Amino acid sequence: MSGAVGTTRRTSRAPVPAPGPSRVPSVPVLVRLRLAKDLMDRRYADPLDLNSLAREAGFSRYHFARAFRAAYGEPPGAYLSRRRVERAQDLLRSADITVTEVCLLVGFSSLGSFSSRFRELVGLSPSEYRRRHWAARAPLPVPGCFVLAWSRPGTPANQGSADQGCADRGSTDQGCAIQEKPGGASGG
């Protein structure tokens, strides 16, 4: 201080402890945080924002963000994008669809953001990741048209047929053909 008398500032608040292992939220708080975490796990492809996640947990957005980080070690947005990248890894390994389609299916709206976050977490670009996993594999187990047909928003999986997804994409891939079973039921 510069020697001025009476300029000390008094606060009525106790110091706020830094988040860390000693500040793990209580069990009731963890239960509520788990509701939001489960929502992110279930609806990773939907546009989820901090307000909707906080509302799911019953917190204000700022309290939710602090409590989530203290409980899980990362902010909610980082957790959600990590889950999206994990799902993208699965699709890149198992489905014959483009990187852009994977990007949109897992909930990213920008290919650039998706590629940057993928490289940050995995250490490879999505295309390189796919090339490395495809080089050591037999033909892909799931044709891309099936993935697109089953992930189409608002379309229940039991309506229509998966070969419509092939037709939508103009695919002539023999892997997209669906064999008709006796009785009219289609199978894959």
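## Burial along helix H3

A residue is called buried when its relative accessible area is under 20%, and exposed when that value is over 50%. In this predicted model, the residues of H3 that are buried are Phe64, Ala67, Phe68 and Ala70. Viewed down the helix axis, these buried residues of H3 fall within an arc of 165°, so they line one face of the helix. Tyr62 and Arg66 are exposed, and they sit on the face of H3 that is turned away from its buried side.

The cover over the buried residues of H3 includes helix H1 (27–42), helix H2 (50–57) and helix H4 (76–94).

## Length and end of H3

Just after H3, glycine 73 adopts a positive phi of about 80°.

## Packing of H1 against H3

Two packed helices are described by the angle between their axes and the distance between the axes. For H1 and H3, the axes come within 10 Å and cross at roughly 90°; angles of 65 to 115 degrees count as roughly perpendicular, and the two helices H1 and H3 are therefore roughly perpendicular to each other.

On the H1 side, Val29, Leu30, Leu33, Arg34, Ala36, Lys37 and Met40 take part in the contact, meeting Phe64, Ala67, Phe68, Ala71 and Tyr72 of H3. By class, the residues of this contact between H1 and H3 comprise ten nonpolar, no polar and two charged.

Definitions and conventions
Residues numbered from 1 in each chain as written. Predicted model: local features only at pLDDT ≥ 70, side-chain atom pairs only at ≥ 80, totals over all residues. Heavy atoms only, no water. Buried < 20%, exposed > 50% of the residue type's maximum accessible area, 1.4 Å probe, protein only. Helix = DSSP H or I, 4+ residues; strand = E, 2+ residues; numbered from the N terminus. Arc of directions from axis to C-beta. Contact = heavy atoms within 4.5 Å. Axes fitted to C-alpha atoms, helices over the stretch in contact; angles between N-to-C directions. Parallel < 35°, antiparallel > 145°, perpendicular 65-115°, else oblique. Nonpolar A, V, L, I, M, F, W, Y, C, P; charged D, E, K, R; others polar.
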